Structures are given as C-alpha cells and as structure tokens.
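Me: Let's go through this structure in short questions and answers. Ready when you are.

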Amino acid sequence: MSSFQITPTSYSIGGLATSIHVHSPLLLPNVLVLFDSGATPYTIEVCTRGKPFPQKLLNLVSHGHLDHVHGMFAMARVQELAGGGGKIRFFVPRGALRLFEEARDAMSRLERGDFSSALETATATATATTTTATTATTTTTTTATTTTATNTPKKSKPRLQDVVEFVPVSPGDEILLTKADLGGNGLCTDGSQLYLRIFETDHCTCADNSGDNSASSQAMSVAYVLVRKLKPAVRSEFSDVVGPELGKLVQARGGGNVFQAESERQVKFEVCYTGDSHADGLVEVSDVGDTSGSGSGYRDYEKVFGGEGARKTRQRNAVAEQFRKEAFLCGLYICELTYMEVGEKWRDYARVWSHVCIEGVEGIFRSNGWLSGDDLDVDERKIVFFHVSHRYTTRQYLIKENIRSVLPKDLVERAGYIDNSTKNKVVWLKSKSKQVYGGMGFNNGGGGGGVNNSGAANAGFENDNGGGSNKDDRRHREKSKRKTQKKRTEHLFQNQKQEQKQKLCRFYLAGKNCKNINCKFLHEPQKINSI
C-alpha cells in the first residue's frame, strides 16, 4: 500500500487541463507533488491570491501538450510578483527541453516588451531623426530633451529565465530528490530517501521528428515513478550492536563494512504516474508478464490491438524497461484512460491520438501480473484513472458503468477515477468503499490544517462514493423540488381560503342583509372579493 494519496486539489479533463497532486505524511506538511502543470482551478485560485504558493511544489511534467503545461508560466509569474523568492523547478523530458526553453524565453520577451524586430525599427528611426535634427536650427533643444530621457531609464521587469528552471530527465534516469525539491534536510520523516525514476511512454513523437526508436532520438513524453529507499540496515553480524558502541564500530571499520551496501537497501514502490500514453507503451509484451504461465494477458491484447506497436515502443535501454516493469509494484498506479467506450471507432481514436481506451486496460494490467492471484500484496495496490475525455463531462454515469462492465471484477475492486465534481476528487468503484484524505489544509490556504480544521494528522473528509451528479441529474432534482414547493403553496392557500370563508357572515353569504349591528363576522365586499 502506498503512503501517498491523491489530494482534493487534483483536476483532470482530457484535452482541457490536467494536474494530479499527491502528498504523503512522510513528507513535510507543506510539500506537494504535482504531476503536470495544467491551468486547473487550484492554479487559478492560488494565482489570484497574489501571494506565494502556500506549498513547496515538486513539479513533474510528463510532456509538453498545452493542457498539461499552460499553468506553468502563470505559477512562475505569481511566485515572482508575490516575492516568493528562488526559482520554480520543473522536471521535463529531455527531448522537449529546447522547446520548453524557447517558450520560456518567448514569454519573457513578451513580458518585458523585448521585441527584436521592433527594436531594430526603432533604432533605425531614431538614427534618421537624430541626423535630421543635427542639420536643423533646434539642435540644442533636441539634444537637451534626449539627455533628459536618457537620465530616467524605465525599470525593466525580471526575466522568466531568473524564475523558471527546467531540469531535463531521460528514460532510465534515477534521480535522488534533495532538500531543493523536498525542503528540510531532503529526507522523509522516517529517514528514507525519495527517488524519481523515469521511463518512456508512447504519446509524443521523437525530438528528431523521425518517430522511430533510434538511440539518437530523445523521449518527448515520459512517466514518473516515486520510490523510497529505506535507511541502510546494520549487517546481520552486527545486529546486536547499538548506541555508542555502534558509532565506535563505524569509526573503526567504516560505514560500508557495518551497514548494507547501496544495492541491498530495501525499496518501497510508492506512485507511478503514466502521463499520456497509448497502451502499447505500458503493456508487457513477453509471456512471462502473466505469472500463470499462459501469457494470455499480452496475447489477448495482441488480438485486439496487434503486436506491432507494442514491440516497437519498447524502452530504448534495459534500465528504463526495468523501471516500467517495476512501476506495476507501486501501491498507487495513476493511469491515463481517455476513451470510455468500446468499439473499433474508439480503438482507432486511441491509436491516432496515442491514448488508452477502455479495451486496452485489462491487457495492460493482466500482462504485468496484476490478475495472476499469486501475489498477496497485489490486493493492496490501487489504480486511479485520469484524463477522461471532456466528452464525458456531463455523463459521469457512463464512466462508472463502462468500467464495471468491461474490466474484470478483480481490477474494478481496486480501481477509481478522477471525478472533478466530487469533493475528494477520487471515486472508488468498489461498493461501500470510502477514501479518507488526511493531510494538508489545501482548501484553507496553508499546510498543517485539514479541510475540517482538525489538524494535519487528523484532518480529512470522506467520499460517500456517490459518483458525482451531472447536470441532467441536478436539473431533474431542481425541477422536482419546484413541483413539491408549488403543491405545498397551493395547499396552504386553500387552507387560508377556507379559514377566510368561515369568518364571513352567513347572511351576507346568502345574499341577505344582516340586521345585527353587533355581528362579529365579516361583511366587507373587498375582503370577500379578495377570496
């Protein structure tokens, strides 16, 4: 089971905006991991405060498509204006690094008004004006004016290059996250170290535009895996040595001879974020992926999608391929799922736009051993689907129904999906299941307090797994409510009318004149007519 949880500030609609946020109690309370940096409601809300971000952000960008990065420069600009200090670091695919830098530089020139062509034109015009003015009789006046303007230069705005820093990553990289990324001393609260592992996905074309898998081309879309390496344990022969004696032993023999080697450290697989990808980039092509020995996971996938693409999109080095396989050991696997309907039309869409459709999900997880049944830990792993197409925004019921009807039961019971209309953002498909998030106070503007203001450790709220109502459901409920209110109003009016009639004089109702001058009943025509 992963120590990381998806926070309520997450948001994802395929093609519009995506930014998935996770947090762990093993990190400092104000540290928030951002998978992609789309302009989501969280970004907009924080940017409009005019204050530095309340959290320390670890920004991991999977690729450069606009719906995943259009909040990037807004975040940097607000941080700079609000005096947040320092640079905002974005981990980006190495193949897209040059494009990210060009976009940053272009935005910086726009911000500072630094237009090269305009400057050249202005320089030529100024030269011609100066030449004309020299031959005129008002040379002295023009020179004085120019001198005055030169002595009061306009203060220039800071460059985005001074605020935004890009850290390139490549498939096969394993990066130790330091205090620059996590704050504090750079360690988790239990003393473990957090590492970032990278493997390539099948979504964007290569940097050299060849689209092939040659060694010279760089990946433009990647997936991120967060793993924790526990503190090196004492070797078995020194297990009885503790306290000051252990320190003396380390000084005498050296730490490498007392503690486990780096390769022997225990690794905890926490979170995998696939970014956007076709199923070809995630499925296991070898028969050993299905530990039952039949290899049916990949063979069934191959019958539907063909095996050409899956074999072609294998990782370009053995380390990255190992990272891809081990990512399925993570306690939380955040997997893209764009198209929720079954049929050749949707498989073609998935192929053309390099996304996952619902028919490819079972092949991905079955081929990687999730449904083999021999791993006791597999039941504790969770899947969360994101990047659901915007065409299903008003049809949330279709998402839940199709996942339950297409995917095997063992997978459904461990699956959930991002639903932006719910408070907790994740809807789990297992019946009567609840997700409780206890962490930072994202909705009240800072760390250390939960949404219900009960403190960082106990803060949280539950998702009753209602699935989120769509617009049609809300309209139906509002219409029923109006009908009920109208009936109640009519019933009340009828009762009032009857009460008024009982107060009228019986002679007056009979059309006769009442001769009793002390009669206490009503005789006024206007009151009778009003009834």
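**Salt bridges, surface and cavity**

Arg-324 is buried, as is Glu-321; buried means under 20% relative accessible area, exposed over 50%, and partly exposed in between (1.4 Å probe, protein chains only). This is a predicted model: local features need pLDDT of at least 70, side-chain atom pairs count only at pLDDT 80 or more, and totals for chains, interfaces and linings use all residues. Residues are numbered from 1 along each chain as its sequence is written, and side-chain values use heavy atoms, with hydrogens and water left out.

Me: What separates Arg-324 and Glu-321 in helix H12?
Reply: Their side chains meet in a salt bridge, at 2.9 Å from N to O. A salt bridge is a side-chain nitrogen of Lys or Arg within 4 Å of a carboxyl oxygen of Asp or Glu. Helices (H or I, at least four residues) and strands (E, at least two) are DSSP runs, numbered from the N terminus. Because they are 3 residues apart in helix H12, the separation is about one helical turn.

Me: How many residues apart are Glu-326 and Arg-197?
Reply: Glu-326 forms a salt bridge with Arg-197, with the closest N and O atoms 2.8 Å apart. The pair links distant parts of the chain: Glu-326 is in helix H12 (residues 318–326), Arg-197 in strand E9 (residues 193–200), and the separation is 129 residues.

Me: Which residues are linked with Arg-197 and Glu-326 in a network of salt bridges?
Reply: Both Glu-326 and Arg-197 are buried. Their network of salt bridges also takes in Glu-174 and Lys-229.

Me: Is Asp-105 buried or partly exposed?
Reply: Asp-105 and Arg-104 meet through their side chains in a salt bridge (3.4 Å, N to O). Arg-104 is buried, at 12% relative accessible area. Asp-105 has a relative accessible area of 22%, so Asp-105 is partly exposed.

Me: How many salt bridges does the structure hold?
Reply: Arg-324 with Glu-321 is one of them. Glu-326 with Arg-197 is one too. The structure holds 14.

Me: What is the volume of the largest cavity?
Reply: On a 1 Å grid over the protein atoms alone, a cavity is a set of points where a 1.4 Å probe fits but cannot get out; lining residues have an atom within 4 Å of a point. Leu-27, Leu-28, Leu-182, Gly-183, Asn-185, Gly-186 and Leu-187 line the largest cavity. A volume is the space filled by probe spheres set on the points, and grid points are joined across faces, edges and corners. For the largest cavity that volume is about 40 Å³.

How values were computed:
On a 1 Å grid over the protein atoms alone, a cavity is a set of points where a 1.4 Å probe fits but cannot get out, and a pocket is an open set with protein on both sides within 12 Å along at least five of seven lines; lining residues have an atom within 4 Å of a point.
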